[in-house]
Amino acid sequence: MTLFRVAAAAAVAIPLVFGAALPADAQGIPKVQSPEEVGFLSTRLKRLSDRLNEGVKNNELPGAVVLIARNGKIVLFESYGFRDKDAKVAMTNDTIFRIASMTKPIVTLAAMMLMEEGKLTLADKVSMYIPAFAETKVAVQKKNADGTVEQVLEPQFRPMTVHDLMRHTSGLTYGAAGANPIKQSYLDMKVNDRKQTNAEMADKLAKLALLYQPGTTWEYSMSTDVLGRVVEVASGMPLDKFIEERITKPLKMGDTGFEASADKKARGAKPMKEGPKNEMPLIPDVTEKFTWRSGGGGMVSTAADYARFLQMFANGGQLDGVRLVSRKTIDLMTADALPPSIKMGADMFRFEALEPSASMGQGFGLGFAVRNVQGVNPLPGSPNDYYWGGAYGTYFWHDPRERMYVVFMMQSPQARLRYRYLMRDLVYQAMVN
């Protein structure tokens, strides 16, 4: 059996070990006898390992875990570098990461489960669950006769829907300091206060103006945070409890939640100092518990746990005899949900090759971006593959045409875009069948 795993020593250049048993934290997903069994070349996979080891050595990232699966079997499950570089603790496959926006697909799935139970529909107005949104206004720039521009408020042309929340066309945004008064208002209102409840968060947002009319513009936003509140209202359960009881427990994702238990603290990945000022990124410890259960970015997980989540998608909504949703629901989630008339928000160019725009050959489904065509995007992949990542560095994609998914876990905001590009290149170059 040819597999890859981390060496025991906390060395920077971690050698490849052949003939080792797969670690227990693969959690029941079968393993290949060799990468060649499912169309990968071991010699080419080594390029991926060599490049990550080089990145660790050059202080591009502290460490990472990579899991590649094809045809429902694990091809590669390997750790690189350090879980805690300052303490010289080696990365291991069971390391727990803050996954930030990789929370969004999990929360969107929760809402889709409620849809299948008749407790909500995607066409529902958000105000059915959070009444305050019925009165939310939209900010528009009005040019006066004297050439001056002022911001005025107008009603929603059509109500924000649950569908809008899932595909980020709600008109909501993320807070940011600067000239945009709507984004600044999010900071002023403290909409990211970790001591608030989801109900309090939603009520704050409903009092603020929308940046765009619902349905007109793709603007990455707190939409999935609001969706988390919709899940609470529709289910009658706190978001974290619903996800635990209905998703993570049935899928045996034992290390996935809104925080890790205290006894798992040592398994938490630590960032390193990075960026122009060589500063430590503000990534909470995986055991830190917050009142706010952020549906847009609050969860922790491992590579193996998230692989089980993706395997459920690959299987059409079920895993190990447990069905969470139907095949048609998976089809709906993984199709492009953006209309042809959609515009991109003014600063969505920051997503670069990952932007879900027609110019990048991509769109956005329900919880993640999707690829629509071959050849427009500079990154390798297939039409209908889907992906997303987290601000702290984690990333996944699933390529149904190639029957493959990849989970990449690290804690490095600075390196995240660069390594997402590299992972696409290095995985596909190793696939020869």
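The loop between H4 and H5 holds Lys 190, a residue that has a positive phi of about 55 degrees although it is not a glycine. Lys 190 is exposed, with a relative accessible area of 56%; here buried means under 20% relative accessible area, exposed over 50% and partly exposed in between, with a 1.4 Å probe and protein chains only. Helices (H or I, at least four residues) and strands (E, at least two) are DSSP runs numbered from the N terminus.

This is a predicted model, in which local features need pLDDT of at least 70 and side-chain atom pairs count only at pLDDT 80 or more, while totals for chains, interfaces and linings use all residues. Residues are numbered from 1 along each chain as its sequence is written, and side-chain values use heavy atoms, with hydrogens and water left out.

- Arg 403 is partly exposed, at a relative accessible area of 48%.

**Helices H5 and H7**
- In H5 the buried residues are Asn 198, Met 201, Ala 202, Lys 204, Leu 205 and Ala 206, and what covers them includes H4, H6 and H7, where contact means heavy atoms within 4.5 Å.
- Helix H7 (residues 239–248) has as its buried residues Leu 239, Asp 240, Phe 242, Ile 243, Ile 247 and Thr 248.
- Seen down the axis of H7, these buried residues fall within an arc of 155 degrees, so they line one face of the helix; the arc is that of the directions from the helix axis to the C-beta atoms.
- The buried residues of H7 pack against helix H2 (104–116), helix H5 (198–207), helix H6 (223–235) and strand S8 (299–301).

**Strand S4**
- Phe 97 and Ile 99 point one way from S4, whereas Arg 98 and Ala 100 point the other way, and all are buried.
- S4 and S8 pair in the antiparallel sense over 3 bridges, pairing being assigned if DSSP finds at least two bridges between two strands.
- Phe 97 has Ser 301 of S8 as its bridge partner.

**The largest pocket**
- The largest pocket has a volume of about 940 Å³, a volume being the space filled by probe spheres set on grid points joined across faces, edges and corners.
- A pocket is an open set of points on a 1 Å grid over the protein atoms alone, where a 1.4 Å probe fits, with protein on both sides within 12 Å along at least five of seven lines; lining residues have an atom within 4 Å of a point.
- Of the 36 residues that line the largest pocket, Ala 100, Ser 101, Tyr 174, Ala 391 and Tyr 392 are the closest to its centre.
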